[in-house]
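Subject: Structure handover

Hi,

Here is the structure I promised to pass on. Please open it before you read my notes below.

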Amino acid sequence: MSIRIGAHVDGADAVAQARAIGAEVAQVFLGDPQSWKVTGSGYPRGEEALRDDAADAGIALFVHAPYGINVASTNNRIRIPSRKLLQATLDGAAAIGARGVVVHGGHVTAKDSPETGFDNWRKAIDSLDTDVPVLIENTAGGDHAMARHLDRIEQLWTAVQASSNANVVGFTLDTCHAWAGGIDLATAVADIRAITGRIDLVHANDSRDDSGSGADRHAHFGEGRIPPDLLAGVVAAAGAPVVCETHGDMGPDIAWLRARI
Ligand SMILES: [Zn+2]
C-alpha cells in the first residue's frame, strides 16, 4: 500500500510549496489560525484555482481549523462562536475541495463534568451543515481534554456517533500529541481503531518532550524523543494520508518518512 505523505504549507503558495518538497498532501489554514475569522486560503487566483491546481498536481488538500475552536466548552461565549467558526471553516474547505477539516478535541474546565463536554460535541456535530469530514484530532495536554487519553476519546466518540450527522465525523491521529499525551504509540493505531473504526489522517511529528509530558511541541523527525521505528510504525499501521507539521523545510521529513515505510 502506498501512503500519501505531505506537510502543512502556506495556503497562498500551497501547490508550489507542496511540489517543492515532494508532498502529495497539503494542509492549509483558511486565515490566521489564532483568529476567529475565516478569510480564505490566500491563494492569489482564488479558492477554485487552488482546488483545480491541487487536483492537477495530484495533491490532496486538508484544512486545519483555527486553534481557538472549543466546541466542548461549557462557556456560551466560547462554544457558540466555536460552532460558527467550525461551520465557516467547513464551508471554506468545501470551496477548495478539501478532503477534511482537522479540529482539536477541545476541553472543559476543572469544575465541569466531562460528560457536558462530550454532549456539547454531539450538539456541535448536530448543528453542522456540511459534506466535508470533521476530523477530530487528539491533543497532548491538560487534565480536562476531550481527546487526550483513550478513555476520553472513547467517550467522545460515543457521543458524536449519537449525532444525526455522525457520518461526517472522522479522526486525526497526531503522533506528537499521542506520545506527549501518554498514549502508547506501539498500540495507538489498534487502540484508536478499536474505538473509532477509522483513522482518516495522521499528523506525523516527532516530540521535543518525553512521553506523557503533556507538552505540545513538535520536532523534526530524528530530533525529538520518539524512537524512529515507533513513529514510522504508527504511520505504516494507520495507512492514512500523512501531514508533517514542523516549521521550516519539511522536505527532509517527508524523505525520512518515505525511507522508513
Ligand atoms: Zn497536529
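The cut-off for buried is under 20%. Keep in mind that this is a predicted model.

Now the aromatic rings. The structure holds three aromatic pairs. In one of them, the ring centres of Phe29 and Tyr67 are 5.8 Å apart. Their planes meet at 75°, so this pair is edge-to-face. Phe29 sits in the loop between strand S2 and helix H2. Tyr67 sits in the loop between strand S3 and helix H3, 38 residues apart from Phe29. Tyr67 is partly exposed, at 38% relative accessible area.

Another pair is Phe221 with Trp256. Their ring centres lie 4.7 Å apart with planes at 25°, so the pair is stacked. Phe221 is in the loop between strand S9 and helix H8, while Trp256 is in helix H9, so the pair ties together parts 35 residues apart in sequence. Both Phe221 and Trp256 are buried. Look at Arg260 too: its charged end sits over the ring of Trp256, 4.0 Å from the centre.

Last, the metal. Which residues coordinate the zinc ion? They are Glu137, Asp174, His203 and Glu245, at 2.1 to 2.3 Å. The angles among the four donor atoms run from 82 to 164°, and the site is irregular. His203 lies in strand S7, and Glu245 in the loop between strand S10 and helix H9, 42 residues apart. Both His203 and Glu245 are buried.

Best wishes

Notes. Residues numbered from 1 in each chain as written. Predicted model: local features only at pLDDT ≥ 70, side-chain atom pairs only at ≥ 80, totals over all residues. Heavy atoms only, no water. Donors = N, O, S within 2.8 Å, 3.2 Å for Na, K, Ca; no water. Tetrahedral: all angles 85-135°; square planar, octahedral: opposite > 155°, others 65-115°. Helix = DSSP H or I, 4+ residues; strand = E, 2+ residues; numbered from the N terminus. Buried < 20%, exposed > 50% of the residue type's maximum accessible area, 1.4 Å probe, protein only. Phe/Tyr/Trp six-rings, centres within 6.5 Å; stacked < 30°, edge-to-face > 60°. Lys NZ or Arg CZ within 6 Å of the ring centre and 35° of its normal.
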